[in-house]
Amino acid sequence: MRFSDKVVIVTGAAGGIGLASAKRFGLEGGRVVLADLHPDKGQSAALEVKKAGAPDTLSVACDVSKEADVQRCVEETISKFGRLDVVVNNAGLMIFGPIEELTTAQWLRVFSVDLMGAFYFTREAFRRMKNGGAIVNVSSIHAVETSPSVAAYAAAKAALLSLTRSSALEGKPKNIRVNAILPGAVDTPMLWNNPNVKSGLEQIQRTDVGKPEDIAAAIAFLASDDAKFVEGASLRVDGGRLAQL
Ligand SMILES: NC(=O)c1ccc[n+]([C@@H]2O[C@H](COP(=O)([O-])OP(=O)(O)OC[C@H]3O[C@@H](n4cnc5c(N)ncnc54)[C@H](O)[C@@H]3O)[C@@H](O)[C@H]2O)c1
């Protein structure tokens with residue numbers, strides 16, 4: 001039970017990788033805060049996390065791109081549970097389109113969720129975590145290899161790796177470890193709604209598609225004391241997809 005005395009915030013926890021991670025933390029004894037844009041889905045996800053074994057849960061309506069929402073989420077967490085030990089910056093979105101057609105608003109929306117959300121939560125965690133802790137940023141293999149028509153997403157996920165390095169450096173004196181996961185193709189709505197995947201522009205072999213639980217296991221490892229000497233790392237979890245030329 002690696003998280004039995006811990007309080008964990010997972011963003012984007014109402015579905016996909018976030019929900020699988022929230023369940024994994026619950027299974028291992030953590031009290032889990034599910035922060036998601038959709039409070040109704042968040043509530044039913046929180047019930048699933050309790051069923052998975054979490055001693056307690058809290059569902060918070062939170063748009064990670066809004067500073068005030070992030071501050072309120074951390075405030076509600078600490079006022080309910082008295083502490084904060086782990087933050088998983090998982091909420092993310094993709095907007096597709098060739099660069100010449102992308103609007104500034106679309107580019108900024110992707111950055112505000114996929115990068116700024118992680119910055120707001122990291123800043124808040126650095127201010128409020130008292131006894132050390134861990135932050136896991138969910139990036140993507142698009143941070144290192146990409147396909148056409150996802151420029152904003154690829155750039156935001158690459159910048160998230162940079163934020164991970166800087167946060168790890170600044171977190172070290174506070175005893176807060178910060179690491180990143182780079183998932184490959186994972187069986188969630190985000191993968192199957194991807195127009196590049198639908199059109200065949202991005203080819204994915206069946207054996208290259210992982211389960212949300214595969215990513216959750218790696219996130220839980222980085223968040224746990226098993227990874228106490230892992231700091232500022234970018235862990236690729238893609239079933240070996242990028243290894244093949
Ligand atoms: N599925 C994949 O193949 C894949 C691959 C690489 C990386 N990722 C990354 O993993 C993370 C989770 O992806 P997923 O596949 O589970 O996605 P998903 O679309 O299935 O779930 C994303 C969740 O985030 C929530 N969300 C979206 N915007 C939000 C916001 N502004 N504030 C709070 N919550 C918000 C949604 O409501 C949803 O519950 C994302 O950061 C994504 O970029 C996914």
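Me: Which residues lie nearest the centre of the largest pocket, and how many line it?
Reply: Asn90, Gly92, Leu93, Thr188 and Met190 lie nearest the centre, among 41 lining residues. This is a predicted model, where local features need pLDDT of at least 70, side-chain atom pairs need 80 or more, and totals for chains, interfaces and linings use all residues. Residues are numbered from 1 along each chain as its sequence is written, and side-chain values use heavy atoms, without hydrogens and water.

Me: What makes a space a pocket, and what makes a residue part of its lining?
Reply: On a 1 Å grid over the protein atoms alone, a pocket is an open set of points with protein on both sides within 12 Å along at least five of seven lines. A cavity is a set where a 1.4 Å probe fits but cannot get out. Lining residues have an atom within 4 Å of a point.

Me: What volume does the largest pocket have?
Reply: About 1000 Å³. The second largest pocket holds about 330 Å³. Volume here is the space filled by probe spheres set on the grid points, which are joined across faces, edges and corners.

Me: Why is phenylalanine 111 called buried?
Reply: Buried means under 20% relative accessible area, exposed over 50%, partly exposed in between (1.4 Å probe, protein chains only). Phenylalanine 111 has 17%, so it counts as buried. Tryptophan 107 has 31%, so it is partly exposed.

Me: What makes the pair of phenylalanine 119 and tyrosine 120 tilted?
Reply: The centres of these two rings are 5.8 Å apart and the planes stand at 50°, so the pair is tilted.

Me: How do you know that the radius of gyration agrees with a compact globule?
Reply: The radius is taken over C-alpha atoms, and the globule rule is 2.2 Å times the number of residues to the power 0.38. With 245 residues, a compact globule would come near 18 Å; the protein has 17 Å, so the value agrees.

Terms used. Rings of Phe, Tyr and Trp (its six-membered ring) pair if their centres lie within 6.5 Å; planes under 30 degrees apart count as stacked, over 60 as edge-to-face and the rest as tilted.
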